[in-house]
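These are my notebook entries on a structure that I examined element by element. I set down what I looked up and what I found.

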Amino acid sequence: MKFIVVVLLTALLGYAAPLYFTWWSFAITSFIIALFVHQKAFATFAATFSGLFLLWGIMAMLIDNANNHLLSQKIATILPLNGSSLLLILVTALIGGLISGFAGLSASLARKINT
Amino acid sequence: MRIFGCVFFAAITIVLIYFLDNQLTLNGSKTPRFGFFLSPQKGFWQNAEPANANFNGNFNFTQLLGKTEVYFDERLVPHVYAENEHDAWFVQGYLHAKFRLWQMDFQTYAAAGRLSEIMGDSSSGTNFLKIDKFFRRLGMVYGAEKTLHAMESDPQTKSACDAYTAGVNTYINSLDEKDYPLEYKLLNYRPELWTNMKSALLVKYMSYDLAGYEQDFERTNAKALLTKAQYEALFPYVEDSTQLIITDALPKIKDQPVVTIPSTADSLYFNYKALVAPLDSAIKPDKNNGSNNWAVAGSKTKSGRPILCNDPHLGLNLPSLWYEMQISTPAFNVYGVSLPGAPNILIGFNNNCAWGLTNAERDVRDYYEIKFRDSTMQQYWYNGVWQNAEMRNEIIKIRSKPNDTEHIAITVFGPVMYDPHYPDKLHTNKYYACHWQAHNESNELGSILKLLRAKNYTDYLEATSTFECPSQNFVFADKPGDIAIHQAGKFPALWYRQGDFIMPGFDSSYAWQAYIPDSLQPVMHNPERGFVSSANQAPYDTKIYPYYIPAYFSLYRGWLINRNLSFMQNITTDDMERLQTSFYNLLAEKALPVLLNNVSFSKLNKTEKNYLTVVSSWNLENDSASIGATVFKLWMDSSISKIYGDELNSSGLPVPNVEPAALLKNIEKDSAKLFADDISTSEKETLEEDITAAFKSIVPVLEKAKRDGVIEWGKFKDGGIAHLLKIPAFSRLHVNAGGGVNIINAFGKDHGPSWRMIVELTDDINAYGVYPGGQSGNPGSKYYDDFINTWAAGKYYRIHLYDKQTISSQKNNLGVMIFVK
């Protein structure tokens, strides 16, 4: 349950923060969530990772579908990802997930220092 | 352990963010900030436009005076209905910015010599600092400052520009970083606010593109390699077979300026010695910036009304140079293509008339060798005294590097473009000032703003008479039945061959002595033959014209257009579409018999004979499937280089191109013997040997093309439309279509008909148009390149000068925008 709450909170605040601040401001919100909702280190990493992975992945996928994969195929040629929209969505989700996950993980370890 | 883990992962997070929030250098070019770029909320995903996007909006802007309605039709062409002219230009600025902001911003950076600010001094093998220095030293900013002054001195132009600039900036100010066009995100910079100066720079960029071609250094080099007779044979003033634009007799005028050849010309100018530094051939406008336009009178059309046609040939890029739109105000109602970056409809039609442009191709840029007192360039020798030069410091900002400053001396002739510091490759230790018509104060935008509201022939004449540079052939037709053509521009009155070579700059005798009076630039109005036309050929009969008018004239398109128009009757717009997209190769019609006549059949092997059969049975059409067109093109080029290569390329320095027409004339007049000096056998044999050897040399190329599956003309020339940053994924490369240089349908490799328009001036105007691009500049939009297939297939869209009621009731409109105060 806690895990799912963290996933949802990470995604929610991870969406809200960049509306007002820079693109990576979700790292701060993930850190804060992990600081307040206590879980084991790995669970925290997995939850904060998943929250952003799902947020970015689903957003990218929705945008991509509405766009008929037009732009993602072009960008996936430049990056280069062999023109694969799916790979580009995965890379997108993974980058969001990793930053969020590591931020969450460091918070979870920081919290344990105090307790 | 815990502390270590916390610090360790916090550090990893910070390092990860740091790397993803900064540009990295890969293979000599900068990456985007990957984290930002991939963020679905901020990065490129935000530029992925939904396929079913609508373009509705309600906007309140305090700068507006009234209400403006914009209807986007099914091709995303806006039809703008404004209550006053100010609001129309404001909304045009807003729409240009909304759909083409990056492109117009980038082009003005290029024109101002500021690309290093965005791109760094070099990126992916392109030396941007070198390009910037070139434009600074050419005096682009210097010229734009004068143009700006002229624009702002004219109340009509100034108010249009002010409203336009306000419209662009209103859009820019409404943007969050997530809304920036894709290229800003890719290159990691932000849009800069628009200014009237940027519009002036855009006008200068057109001058550079269209009135910036000369080969003075190349010609000076050729002069040192050839005798006078050889030079005249290879680089004739005007081809005899030219179909002139203006065939009327020239008016006789009193007080015609007299130009005199300097007394020192024989020894100092028409000499055949000194070598000079080559001009950098990497930065040069395309010589083939040609175009076709014509108008036929009602006497030759089925409807009894004039039909006007135009297809300007320019470098083809994405986002397209053109943005199509209708603008309706109480003062005018006009449809056509606009250049994003200034208030205009450059080519189009209104309720009363239509107009089109081709480039005059006149050479209005010369170089003077300047003798400075010392390397500080403070004083130069002129008319027997040391004159003070003005110094202009052009500061070039370079991304993540210190600034670079170009010190440019300004002489009476203009800015010193070349000095021992530039180019740094071949030190000649000489100084060359550039004298260019585009450095002068003139207001071309003002002419266009007048022309688009022209009601009749008189208005057209008044508008074109103030147009100075880049000089254009303005074709005109109106509903009452007038047709006309006028080569408008400001031209120096020159003596024979003046300015073809670098001129001595030590006194005023080599200066431009006068300008050609307007009356010697006559307009052809309603000629008896029932049509007017231009395709970058000579405007007047140069044998009797009182001045030398150097240019890079074309021959074959104009000839072919006139040959067709003179016999055509009962013309419809369908006939005009066929002519505008014709692949017929008139050069081949003239040249192929000569080549075939001079090839030694017996010396060819079986494969070579097969190719000879292909080209001799070719139907002379440069369509995409033609193999004959490929053989002919290679054979022609190879023959020129075999016959003239020895003489011209001996110095290893650049020389002007020998045109195929010059080769043909030389063979016909037997003057190829002028080049027989260094060849031992007799002349006739030599020509045959050269042409046979030329043919043999192309066969391996053809065989390779055959193996690679690219021997058909469309694939062989491999035309395409590249993104301005040359990013293949944003380009439409390998567009398999016919055409080429000297063909009416001029689509070559990256160059060709940038807008095809046909306007029949019936009461309800019957018009067609297409350009190789799309209305959106966003590579993430389906409207980015959606016209290209239609264009490549030689098809057109019906285009409408709608009234508001009609457009508002169309079913397939893509959106409505309302702008109010």
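Entry 1. Is Leu620(B) buried, partly exposed or exposed? I found Leu620(B) partly exposed, with 16 other C-beta atoms within 10 Å. I call a residue buried if 20 or more other C-beta atoms lie within 10 Å of its own, exposed if 12 or fewer, and partly exposed in between, with C-beta atoms placed from the backbone.

Conventions. I note that this is a predicted model, in which local features need pLDDT of at least 70 and side-chain atom pairs count only at pLDDT 80 or more, while totals for chains, interfaces and linings use all residues. Residues are numbered from 1 along each chain as its sequence is written, and chains are lettered from A and ligands numbered from 1 in the order in which they are written.

Entry 2. I then looked up backbone angles. Most residues other than glycine have a negative phi, and most peptide bonds are trans. Leu620(B), although not a glycine, has a positive phi of about 65°. Leu620(B) sits in the loop between helix H18 (606-616) and helix H19 (628-649) of chain B. Helices (H or I, at least four residues) and strands (E, at least two) are taken as DSSP runs, numbered from the N terminus. Asn526(B) also has a positive phi, about 45°, and is not a glycine. I located Asn526(B) in the loop between strand S27 (523-525) and strand S28 (531-534) of chain B. Asn526(B) counts as partly exposed because it has 14 C-beta neighbours inside 10 Å.

Entry 3. I checked for cis peptide bonds. The bond from Leu79(A) to Pro80(A) is cis, with omega near -5°. Pro80(A) belongs to the loop between helix H4 (70-78) and helix H5 (85-114) of chain A. In chain B, the bond from Cys469(B) to Pro470(B) is cis, with omega near 0°. Pro470(B) is in the loop between H14 and S22 of chain B.

Entry 4. I traced one sheet in chain B. Its 4 strands form an open sheet in the order S20-S21-S15-S25, with mixed pairing; two strands pair if DSSP finds at least two bridges between them. Strand S20 (416-418) and strand S25 (503-504) of chain B are the edge strands, each pairing on one side only. Strand S15 (residues 365-370) and strand S21 (residues 431-436) of chain B pair in the antiparallel sense over 6 bridges. Glu369(B) has Tyr432(B) in S21(B) as its bridge partner.

Entry 5. I turned to the interface. I found 32 residues of chain B in contact with 32 residues of chain A, contact being C-beta atoms, placed from the backbone, within 7 Å. Helix H1 (2-20) and helix H2 (34-38) of chain B are the elements giving two or more residues to the side of chain B that touches chain A. H1(B) gives the most, with 11 residues.

Entry 6. Finally, I recorded totals for chain B. Chain B has 24 helices and 34 strands. Buried residues make up 53% of its 821 residues.

Note on methods. Contact = placed C-beta atoms within 7 Å.
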